[in-house]
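The sequence and the structure are shown first.

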Amino acid sequence: MTQQETIAAKSEAAAPGTAGRRRLRDWSPTSRQVELACLIALVANTLIVVTGGAVRLTNSGLGCPTWPECTGGSLVPVSTLGYHSVIEFTNRMLTYAVSAGVGLSILAAMFQKPRRPVLVKLSWALFLGVVLQAVIGGITVLTKLAPEWVAVHMCVSMGMIAVSFLLWHRSREGDGPVRLLTRRELLWLGRLLVVATGAVVAVGTLVTGTDPHAGAEDASKRLPFKAMDITQAHADLVFIVVGLTAALWLALKATDAQPRTLGKVRDMFAVLVVQGVLGYTQYFTGLPAWMVLLHMTGACLTWLAAWRVLMSLRERGPAAA
């Protein structure tokens with residue numbers, strides 16, 4: 001061992017923290033590891049929407065009546081609050097799982113070499129979303145589950161799912177220029193499909209704010225809509241989305257689009273059919289909680305399916321050297 005190596009070894013032994021920081025600086029995740037980190041963020045942001053729906057449908061939304069504490073003087077549930085507090089507190093704890101998933105994607109994007117600015121920006125956007133959701137969630141509890149804030153909470157969650165999907169999708173492709181896989185007019189049709197699907201989800205939150213499931217036994221405030229009218233508006237938007245999906249599939253078929261793109265559109269149509277069956281069934285059976293939860297899960301899958309269709313209409317190759 002040379003004198004310089006001996007000195008370096010002694011310095012590292014004397015300052016193990018410095019060695020750890022050096023190893024962290026030198027760490028560079030593989031592309032596969034970055035994709036996995038982004039996928040974890042996507043799954044976490046999707047699952048917390050479903051578990052949040054379970055909280056509402058079990059009337060546990062005010063199981064922890066204060067925020068950020070569960071109840072006055074206690075961060076965790078107490079026995080006097082009953083099982084609703086455990087359900088609500090568990091969902092709050094899942095926020096840490098989402099934070100961990102987002103944090104993992106940030107680290108992967110920051111330490112990847114070469115660093116990809118688009119992944120860094122998208123992952124940090126998710127972090128800001130987590131902070132925003134914590135604030136909105138607190139306001140929702142403090143306003144006793146005011147349906148307006150519940151709707152905002154859900155819409156922001158859907159926005160985070162979209163950003164998570166884009167983060168994961170971009171991690172799997174290069175940073176070269178966009179190449180269209182179809183006519184530009186059909187790309188705009190795909191964008192319109194995403195916008196219409198977003199409108200369906202947004203109006204769906206208004207239906208939620210009008211239906212009997214207030215989220216807690218003492219949260220009886222509902223939106224001032226007639227249930228029949230707002231449900232019909234929701235259904236009308238669904239018909240528009242179905243029409244756009246069919247039109248896009250026919251146009252792609254007529255222009256000899258790639259089978260991969262046609263497959264994404266078929267997947268979207270299949271999800272819409274299942275959602276339609278669930279929607280009408282829950283309506284005519286008096287909105288049973290378990291079916292409403294399935295419908296909420298389907299809403300997440302429909303939203304993801306629309307983004308999959310849009311992103312399948314174009315591709316990016318490797319960046320120019």
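## The pairing of H4 and H5

The axes of helix H4 (residues 83–111) and helix H5 (residues 117–142) come within 8 Å and cross at roughly 165°. This angle makes H4 roughly antiparallel to H5; angles under 35 degrees count as roughly parallel, over 145 as roughly antiparallel, 65 to 115 as roughly perpendicular and the rest as oblique. Axes are lines fitted to C-alpha atoms, for helices over the stretch in contact, with angles running from 0 to 180 degrees between N-to-C directions. Helices (H or I, at least four residues) and strands (E, at least two) are DSSP runs, numbered from the N terminus.

The crossing of H4 and H5 is left-handed, a term for a near helix turned anticlockwise from the far one by less than a right angle, whereas clockwise is right-handed. On the H4 side, the residues that meet H5 include Glu88, Arg92, Val98 and Val102. Among their counterparts in H5 are Leu119, Trp124, Phe127 and Val130. Contact here means heavy atoms within 4.5 Å.

## Basis of the model

The model is predicted: local features need pLDDT of at least 70, side-chain atom pairs count only at pLDDT 80 or more, and totals for chains, interfaces and linings use all residues. Residues are numbered from 1 along each chain as its sequence is written, and side-chain values use heavy atoms, with hydrogens and water left out.

Helix H5 contains Gly129, which counts as buried at 9% relative accessibility. Buried means under 20% relative accessible area, exposed over 50%, and partly exposed in between (1.4 Å probe, protein chains only). Between the C-alpha atoms of Gly129 and Val102, which are 27 residues apart along the chain, the separation is 9.8 Å.

Thr140 is also found in helix H5 and is buried, with a relative accessible area of 5%. Apart from neighbours within four places in sequence, Thr140 is in contact with Leu145, Ala146, Trp149, Val150 and His153. In helix H9 lies Gln282, a buried residue with a relative accessible area of 10%. When residues up to four places away in sequence are not counted, Gln282 touches Leu287, Pro288, Met291, Val292 and His295.

## Aromatic pairs

Rings of Phe, Tyr and Trp (its six-membered ring) pair if their centres lie within 6.5 Å; planes under 30 degrees apart count as stacked, over 60 as edge-to-face and the rest as tilted. By this rule there are 5 aromatic pairs. The rings of Tyr280 and Phe284 are stacked, because their centres are 6.4 Å apart and their planes lie at 15°. Both residues belong to helix H9 (residues 259–284), where they are 4 residues apart, about one turn of the helix. Tyr280 is partly exposed at 44% relative accessibility, and Phe284 is exposed at 65%.

The pair of Trp303 and Trp307 is edge-to-face, because the ring centres are 5.8 Å apart and the planes stand at 85°. About one helical turn separates Trp303 from Trp307, 4 residues apart in helix H10 (residues 289–311). Trp303 is buried at 10% relative accessibility, and Trp307 is buried at 15%.

## A ring cluster and a charge over a ring

Ring pairs join Tyr280, Tyr283 and Phe284 into a cluster. Elsewhere, Arg191 lies over the face of Trp188, at 4.5 Å from the ring centre. A charge sits over a ring if NZ of Lys or CZ of Arg is within 6 Å of the ring centre and within 35 degrees of the ring normal.
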